[in-house]
Amino acid sequence: MTQLVPPAPDKLLPCSFYQQPVTDVARNLLGKLLVRSHDGLRASGTIIEAEAYRGEEDLACHAKAGYTRRTAVMYGKAGTSYVYFTYGMHWMLNIVCEDTGFPAAVLIRAIVVVEGSDWVSDNRPSVSPKHWCDGPAKLTRALQIDGTHNGLDLCIQPDQLWVEEGIKIDDSQVNQTPRIGLGNVPEPWLSIPWRFHTSILNTLIPR
DNA sequence: GCGACGATGGGCT
DNA sequence: GCCCATCGTCGCA
């Protein structure tokens with residue numbers, strides 16, 4: 001029988017964590033633990049890279065197209081998952097932020113695996129641990145996150161996916177750069193430094 | 001280690 | 001029909 005592994009109530013991040021300016025949330029997610037429950041077992045990783053996407057004015061944000069079937073969840077409640085499909089083969093995990101009705105989300109770009117490395121290893125065959133989760137589509141593959149995980153509440157009694165308190169990342173360990181992979185996006189959105197990452201955990205990744 | 005490039009399909013104009 | 005919030009593989013150093 002499967003063993004239930006709910007989030008520890010005192011560690012689960014509340015909705016209020018996400019109902020903040022999306023750039024603050026992206027910064028503050030560094031060091032937090034992304035948890036995937038699968039068959040009653042936990043797999044998790046510390047978030048080391050995240051990007052903010054904010055509003056219909058942000059021409060890198062999907063919400064630039066306005067309210068559509070795809071972007072609808074971004075207009076929903078803070079703490080909801082936004083998982084979308086791109087490049088014909090990749091799933092991306094975002095978390096909705098700010099006030100309901102205003103489209104904003106944080107893209108989780110990279111994690112360092114903490115729990116469930118056996119399962120992750122199975123999900124990333126013939127890939128070295130260093131590259132298991134060092135990209136947004138890699139971590140969704142590693143944690144088996146796909147379109148069925150779109151629109152989930154990650155705060156109120158989450159079932160398969162949530163975020164817990166983790167380690168403290170000091171400001172001196174946070175790098176801030178333009179967002180990755182934007183291509184044809186005009187300024188100022190192309191260069192606005194809404195990507196946050198830390199290399200403090202790099203030494204912990206086995207090769 | 002690094003740069004080039006093809007794969008591949010939904011969303012939107 | 002064009003555009004992607006990308007990845008893995010290949011060739012080369």
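Predicted model: local features only at pLDDT ≥ 70, side-chain atom pairs only at ≥ 80, totals over all residues.
Residues are numbered from 1 along each chain as its sequence is written, chains are lettered from A and ligands numbered from 1 in the order in which they are written, and side-chain values use heavy atoms, with hydrogens and water left out.

Secondary structure follows DSSP runs, with helices (H or I) of at least four residues and strands (E) of at least two, numbered from the N terminus. Strand β1 (residues 33-38) is largely enclosed by the rest of the structure, because five of its six residues are buried; here buried denotes under 20% relative accessible area, exposed over 50%, and partly exposed the range in between (1.4 Å probe, protein chains only). Two strands are taken to pair if DSSP finds at least two bridges between them. β1 runs antiparallel to β2 (residues 41-54), to which six bridges join it, and Ser37 has Arg42 as its bridge partner in β2. The two strands form a hairpin with two residues between them, and Asp39 in this turn has a positive phi of about 55°. β1 is also joined by four bridges to β6 (residues 161-164), again in antiparallel fashion, with Leu161 of β6 as the bridge partner of Arg36.

β3 and β4 are antiparallel and share six bridges, with Tyr82 standing opposite Asn94 of β4. These strands form a hairpin in which three residues lie between them, and Tyr87 in the turn has a positive phi of about 55°. Three bridges join β4 to β5 in the antiparallel sense, and Asn94 has Leu107 as its bridge partner in β5. β4 is mostly covered, with five of its seven residues buried.

Ser81 lies in β3 (residues 81-86) and counts as buried because its relative accessible area is 0%. A polar atom of the Ser81 side chain is 2.6 Å from the backbone oxygen of His149. Polar contacts are pairs of N or O atoms within 3.5 Å; within protein, one atom must be able to donate a hydrogen and the other to accept it, and residues adjacent in sequence count only if both atoms are side-chain atoms. Neighbours within four places in sequence aside, the residues in contact with Ser81 (heavy atoms within 4.5 Å) include Val73, Leu93, Asn94, Asn150 and Leu154.

Five aromatic pairs occur in the structure. Rings of Phe, Tyr and Trp (its six-membered ring) pair if their centres lie within 6.5 Å, with planes under 30 degrees apart termed stacked, over 60 edge-to-face and the rest tilted. One of the pairs, Tyr82 and Tyr84, is tilted, at 5.4 Å centre to centre and 35° between the planes. Tyr82 is buried at 1% relative accessibility, and Tyr84 is buried at 13%. Phe85 and Trp91 form another tilted pair, with centres 4.9 Å apart and 50° between the planes. Phe85 is partly exposed, with a relative accessible area of 39%, and Trp91 is partly exposed at 28%.

Phe85 is also among the residues surrounding DNA strand B, together with Ala65, Thr68, Arg70, Tyr87, Gly88 and Met89. A residue is near a molecule or strand if one of its heavy atoms lies within 4 Å of it. Of the atoms of DNA strand B that come within 4 Å of the protein, 61% belong to sugar and phosphate.

DNA strand C has 20 residues around it, of which His90, Met92, Asn94, Arg124 and Asn184 come nearest. A polar side-chain atom of His90 lies 2.8 Å from a base oxygen of DNA strand C, while one of Arg124 lies 2.8 Å from a phosphate oxygen. A polar backbone atom of Ala137 is 3.2 Å from a phosphate oxygen of DNA strand C. The elements giving two or more residues to this surface are β3, β4 (90-96), β5 (104-115) and α4 (136-142).
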